Amino acid sequence: MSKIPTRVKCGAFVRLLASGIQPCMFRQHQSIRTNLRRLLSNTQPGENVRPLEGVKVLDLTRVLAGPFATMILGDLGAEIIKVERPGAGDDTRSWGPPFVGDESAYFLSVNRNKKSVAVNLKDPRGAKIILELAGMCDVLVENYLPGKLDQMGLGYDDVHKAAPRLVYCSISGYGQTGPLSQRPGYDSIASAVSGMMHITGPEDGDPVRPGVAMTDLATGLYAHGAIMAALLQCHRTGRGVHIDCNLLSTQVACLTHIAANYLNAGKEARRWGTAHESIRDGVS
């Protein structure tokens, strides 16, 4: 049965650390190399072992793209520790209706198989907790505005010193550098800026936003794949990496032949409704 996050107050967790008690969810991690050897030596053919068993992920994300990526990692067997704001938690906990109990269906749809702890990252004591957790984990995923975590002492350079093997994945609207990097990332804006909204909608109508946040979801999938590749690289090199994943780059990449038509042949795309531009003959 999938686990839904239950929040633990920061003060309670601090007391646990101070007392020297380490709950199972925060126990010292084994290296990926050790886990692979254990799996190879103990797993029998046909035994049901999930591919990311033993991998720990520190999830500092909220709303959709990041939580979707970490949920997939959890589905594959990773242990996900979701860090939320004290009190309110993830924004989407209150996005509804419908609600299931006191949590929204939206929140539950992208946060299964996770454990949760409430930490105030703006408090130096909270930042210290995050650094300690990072030292126990294999992956950290965050979707703060570029530079915000650096101000708290939790940027990639700071965390890398404490956990050199950690895979640190940043998800943003427009990347960690560049003229748009300080703009917040929203699915609908990235959908418009990238050109996807220009090709979506009735043939003779206005651009239309897709019914689900496809840019956010695609970014979560790209982030999940990059994290999996980085874990393999870390296994080979013993070093962590910083992944820069963003909404705009993801959606431009997902334009595939539409972007290729324009870049290679100068052909601008248009809306076709339910028809298909390349095989539209006979399509109703």
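Colleague: Where does E277 lie?
Modeller: E277 lies in the segment after helix 11 (257-265). Helices are DSSP runs of H or I with at least four residues, strands are runs of E with at least two, and both are numbered from the N terminus. This is a predicted model, in which local features need pLDDT of at least 70, side-chain atom pairs count only at pLDDT 80 or more, and totals for chains, interfaces and linings use all residues. Residues are numbered from 1 along each chain as its sequence is written, and side-chain values use heavy atoms, leaving out hydrogens and water.

Colleague: Why is E277 called buried?
Modeller: Buried means under 20% relative accessible area, exposed over 50%, and partly exposed in between (1.4 Å probe, protein chains only). E277 has 13%, so E277 is buried.

Colleague: What makes the pair of E277 and K267 a polar contact?
Modeller: A polar contact is a pair of N or O atoms within 3.5 Å; within protein, one must be able to donate a hydrogen and the other to accept it, and residues adjacent in sequence count only if both atoms are side-chain atoms. The side chains of E277 and K267 make such a contact at 3.2 Å.

Colleague: How do you know that the span of helix 9 agrees with its number of residues?
Modeller: The expected span is 1.5 Å times one less than the number of residues. Helix 9 (residues 214-237) has 24 residues and should therefore span 34 Å; its end C-alpha atoms are 34 Å apart, which agrees.

Colleague: Which residue follows helix 9?
Modeller: G238 follows, with a positive phi near 80°.
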